[in-house]
Amino acid sequence: METFLQQLFNGLTLGAVYAVVALGYTMVYGIIQLINFAHGEVVMIGAMVAFTIITLLANSGLPPVAIVLIGTSCAIPVCMIVGYALERIAYRPLRNAPRLAPLITAIGMSIVLQHVAMMVWSRNNLAFPQIIKTETYDIAGASVTNIQIVIVILCLVLMGGLLWLVHRTRLGISMRATAQNPRVAGLMGVNINREIAITFAIGAALGAVAGVMVGSYYGIAHYQMGALLGLKAFCAAVLGGIGNVPGAMVGGLLLGVIEALGAGYIGDLTDLCAVPWLFAGLAARCAAGEHISLFGSNYQDVFAFLVLIAVLVLRPSGLLGERVGDRA
Amino acid sequence: MTKSPMLRVAGLAVAYGGIRAIKGIDFEIYGGETVTLIGANGAGKTTTLRAITGLVPPVAGSIHLNGRDITGATSFSLVRQGLAMVPEGRGVFPQLTVSENVAMGAYIRDDKAEIARDVERVFSLFPRLRERAQQSAGTLSGGEQQMLAIGRALMSRPKLLLLDEPSMGLAPVIVQKVFAVIESIARDGVTILLVEQNANLALRTSDRAYVLESGLITIAGKSADLLSDPKVRAAYLGE
Ligand SMILES: Nc1ncnc2c1ncn2[C@@H]1O[C@H](COP(=O)(O)OP(=O)(O)O)[C@@H](O)[C@H]1O
Ligand SMILES: [Mg+2]
């Protein structure tokens, strides 16, 4: 039970971050049916920029919260510019090209961004200055840190804000209209290029915040950190139904929890002592109190992809997604 | 006194991947008129409207709206010049509510109070839409979607309204209703270009008509004259 609760909290923290990153994938997909594989790198750049600013200010005597806020508010515009530039330079010229072309370009852009980041920030693990003192609370036997709590609350606020934007503002309504039928939205006076650029910028801004959160949570930043994180967030977006904003939120949280619970229990689930007859000597070692499992928690990353495969096989439109293609 | 036309299309040609769908056509529409463009399926009616609204670039010719050259203008700039279109197949935003669709029609406007009045007007023109205001547009019937598409187009307060086959796929009773509304819009002073395959109805609803055949205008004249023209009757009125 303690493991369960503990992994649930860890999963929710991670899942909230996945959800915020997944929004960037799903919003872009919703409006131009492109999987922006470079989005993970935008998140990484957010973490890197925040790292630089926070390191610079670490000994400035400013209150720690203010330093993190300044770091984040620098990361956001940088990421928005990167997101906008990606759209403008790499994707817009290919808007009417066969779908494979922008997809390959997206992979190319992610490689380019990784290497630019490597040149700027080196290929080392960068230690995020731990300026905010970690405090741990005990909840029914599971421990939760103040950073986890802040991450979850912040993610929920961001998601709520985005839902409000998308459903309650004129910008949001026109973004959804553009996603559903760009030509007709154009006839209503919507400048589609502007709408698409704004979508990229909003996704990138969310990614920037996610990058800062991941950096502070794990305490490190690395030029390749965006690759796996991005891929998992993409899985989360597919799980929720790609193109669907609430879907990305549900998918992200769910994926985080599945992953954490999976990592928590994979040792027990693949406990070889449950089948002591499997090979010679096993029974004896188990009797001596040894724990022998086929897989350990380092297999955690597998779950995202198992989920992806399961979704693609069982419900390709995702949990909340509508079947694509029945609208002409 | 010679009035200058609200819309003047001259020498217009449009091609899809090298194949000409419109092969050089001329026509004009004067303020206050209802003009119809009739023709068989595939004649190029929709293509003509796409060229006017900037959705496909013409390969030759020019389009003037109120004397301004709008050839190759971006779609989104035209609604600010008083042009609105009800596209073929209605083109409602299926996942937006009826209210949101109507609001999208007023996208370019900022006068909140006036917009609210126009929403009221659209809802009194189409009471069914008011009942379904919070429903997503994709759940409406074909007739209701057509009404929504027309109501949405009116929200920009257009001077010139382009309608692409508003009768398509609708039951005859509904078609009658839709055309009654089109006539009332015309009476309110909106200039209309009505594209139709239903020639009989279109000719009865309009002042003047053009017949489009394989990308060329073959007949032009007063709608009443075309209605009694034996050639038109044979080819388009099924006689
Ligand atoms: N997107 C397109 N790509 C290629 N050919 C097209 C396209 N749209 C229409 N056409 C062709 O152009 C011609 C005119 O089509 P259209 O303007 O839709 O006719 P109408 O509206 O009168 O039925 C037809 O031969 C049609 O096949
Ligand atoms: Mg047509």
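Predicted model: local features only at pLDDT ≥ 70, side-chain atom pairs only at ≥ 80, totals over all residues.
Local features need pLDDT of at least 70 and side-chain atom pairs count only at pLDDT 80 or more, while totals for chains, interfaces and linings use all residues. Residues are numbered from 1 along each chain as its sequence is written, chains are lettered from A and ligands numbered from 1 in the order written, and side-chain values use heavy atoms, without hydrogens and water.

User: At what angle do helix α1 and helix α10 of chain A pack?
Analyst: Helices are DSSP runs of H or I with at least four residues, numbered from the N terminus. Axes are lines fitted to C-alpha atoms over the stretch in contact, and angles run from 0 to 180 degrees between N-to-C directions. Helix α1 of chain A covers residues 2–32 and helix α10 of chain A residues 245–269; their axes are 6 Å apart and the angle is about 145 degrees.

User: Is L294(A) buried or exposed?
Analyst: L294(A) lies in the loop between α11 (282–287) and α12 (302–314) of chain A. Buried means under 20% relative accessible area, exposed over 50%, and partly exposed in between (1.4 Å probe, protein chains only). Because its relative accessibility is 54%, L294(A) counts as exposed.

User: Which residue forms a salt bridge with R117(B)?
Analyst: A salt bridge is a side-chain nitrogen of Lys or Arg within 4 Å of a carboxyl oxygen of Asp or Glu. Here the closest N and O atoms are 3.3 Å apart. Both residues lie in helix α4 (residues 112–125) of chain B, three residues apart, about one turn of the helix. R117(B) is exposed, at 57% relative accessible area, and its partner is E114(B).

User: How many residues apart in sequence are the parts tied together by R157(B) and E114(B)?
Analyst: R157(B) and E114(B) form a salt bridge, with the closest N and O atoms 2.8 Å apart. R157(B) lies in the loop between α6 (142–154) and β7 (160–164) of chain B and E114(B) in helix α4 of chain B, so the pair ties together parts whose separation in sequence is 43 residues.

User: Is D118(B), which meets R157(B) in a salt bridge, buried or exposed?
Analyst: The side chains of R157(B) and D118(B) meet at 2.7 Å, N to O. R157(B) is partly exposed, with a relative accessible area of 37%. At 4% relative accessibility, D118(B) counts as buried.

Key: Helix = DSSP H or I, 4+ residues; strand = E, 2+ residues; numbered from the N terminus.
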